[in-house]
Amino acid sequence: VNPLGEYTYGLFVICGLSALLVAFGLFYRIAAISLFLSFTYIELIDKSTYLNHYYFTSMVCFLLIFLPAHVYFSFDAYRRRDLLADDIPLWCVDSLKLLVALLYFYAGVAKLNSDWLWHAQPLRIWLPAKNDLPIIGFLFNDSRVPYVFSWFGCLYDLSIPFLLWHRKTRPFAYAAVVIFHLLTAVLFPIGMFPYINIVTALIFFSAAFHQKIIGQLGRWMSLPARFLHPVRTYVYPPVIRTGLHGIFALFFAFHLLFPFRYLLYPGELFWTEEGYRFSWRVMLMEKAGYAQFTVQDDKGQRIIVNNNEFLTTLQEKMMSTQPDMLLQYAHILRDEYAQKGFHQPQVYVDSYVALNGRMGKPLVAPTVDLAKERDSFKHKTWITPFDDKITGF
């Protein structure tokens, strides 16, 4: 998708307003659709800003379109008493639990690889850089600590959804969620992700737990008892219920299978990144890269490109290590310099990439004319071989 010029600011306003309306349960269904479309559009404007938790947020917003989250303790329910209900079908809540469980479990499965478990990479790179933190910083000077964090992170992701789902272990599991995500918020610049997960995990708690909170809020707001305890069950019409079951079945079948599409590609996933995105792979690698482009034609025109003329600092950083972005940028340069008088421009790149502390090596051979390569979902044969092995998932 493309930015909307100055109207992009308006898109952020629509997204923020929609989020508030969903939270308050006011004009809920329209607001949920608007939130999903606006947030997802914003997310897709710039590939270099991709993060798993943006994708997760989009998927939650998509599910909310179909769920009756507005039938209790909402403005819509207060305005329309025919909508008010304090019981909903159990699958409505379980669908959100399942999405959270998939996020955690697949993130744990992705950590079952030799770099993460046997070499504590990339934490061996990241943690020593945090040794100036108050109180805990000195721990990161110990070479054993990255291994402890790596193994704990893997076990945490694999087990936490099951521990949250089980009533007896739920309080301890939630304490672990809070501690784990607050620690990651301190150590790593991953935005709102820790706080989103801390709040989202509350959905695993029982209805009685949430009812106590709502009851207290209701007393503070002097809400009538018939609003807080309507003793009514929300029921989908049979045709709609059957349709929703089909939609949700396809939704979760997709999310169960899509993260494994990387198996359809040859080569090392961390190097080629073919099938890497949208698969709940969270903070698994450290890639540092350099990419200098040369554009030339058969008439002797030649120029070394200044990337700052075309890309932001973040875009240049992300592009230099990700093959699909390298190719897309090369095509931008091809089209740009064709307009400037180059005849059938050829685009070459001098690139070096270091993965998880390894020595840097070219990601693309300098003899490959990227202007001629097609951008598709097929394997990119022009990516240089990794010449190493990372075992596992």
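Helix H8 bends by about 45° at Ser 159, and a proline, Pro 161, follows within four residues. The model is a predicted one, and the angles, areas and distances below should be read with that in mind. H8 runs over residues 145–165, which makes 21 residues, and it reaches 30 Å from its first C-alpha to its last, close to the 30 Å expected at 1.5 Å a residue.

Among the buried residues of H8 are Val 145, Pro 146, Ser 150, Gly 153, Cys 154, Tyr 156 and Asp 157, and the list also includes Leu 158, Ile 160, Pro 161 and Leu 164.

**Lysines in and after H5**

Which residues does Lys 111 touch, not counting residues up to four places away in sequence? Lys 111, found in the loop between H5 and H6, touches Gly 153, Cys 154 and Asp 157, and also Trp 116, Leu 117, Val 282 and Leu 284. Leaving aside its neighbours within four places in sequence, Lys 97 is in contact with Trp 165, Ile 203 and Phe 204.

**The loop between H6 and H7**

The loop between H6 and H7 contains Pro 122 and Ala 120. A cis peptide bond joins Gln 121 and Pro 122, with omega at about 15°. Ala 120 has a positive phi of about 50° although it is not a glycine, and Ala 120 counts as buried at 0% relative accessibility. Gln 344 also has a positive phi, of about 45°, without being a glycine, but its place is in the loop between helix H16 (323–339) and strand E3 (346–355), and at 60% relative accessibility Gln 344 counts as exposed.

| Residue | Relative accessible area | Class |
|---|---|---|
| Ala 120 | 0% | buried |
| Tyr 78 | 40% | partly exposed |
| Gln 344 | 60% | exposed |

Tyr 78 is found in helix H4 (residues 75–79), and its contacts, not counting residues up to four places away in sequence, are with Leu 223, Pro 224 and Phe 227. The C-alpha atoms of Tyr 78 and Phe 227 are separated by 7.2 Å, although the two residues are 149 residues apart along the chain.

The structure holds 1 cavity of 30 Å³ or more, and about 70 Å³ of space lies in the largest cavity. Its lining is made up of Tyr 106, Val 109, Ala 110, Pro 259, Phe 260, Tyr 262, Ser 279, Arg 281 and Phe 393, which divide into 7 nonpolar, 1 polar and 1 charged.

**The chain overall**

The chain has 16 helices and 3 strands, and its C-alpha atoms fill a box of roughly 80 × 50 × 40 Å, taken along the principal axes. Of its 393 residues, 45% count as buried. Among contacts with a separation of 6 or more, residues 24 or more positions apart account for 69%.

Methods: Residues numbered from 1 in each chain as written. Predicted model: local features only at pLDDT ≥ 70, side-chain atom pairs only at ≥ 80, totals over all residues. Heavy atoms only, no water. 1 Å grid on protein atoms, 1.4 Å probe; cavity = no way out; pocket = protein on both sides within 12 Å on 5 of 7 lines; lining within 4 Å. Points joined across faces, edges and corners; volume = space filled by probe spheres on them. Nonpolar A, V, L, I, M, F, W, Y, C, P; charged D, E, K, R; others polar. Helix = DSSP H or I, 4+ residues; strand = E, 2+ residues; numbered from the N terminus. Expected span 1.5 Å × (residues − 1). Bend = angle between axes of the 7 residues up to and from the residue. Buried < 20%, exposed > 50% of the residue type's maximum accessible area, 1.4 Å probe, protein only. Contact = heavy atoms within 4.5 Å.
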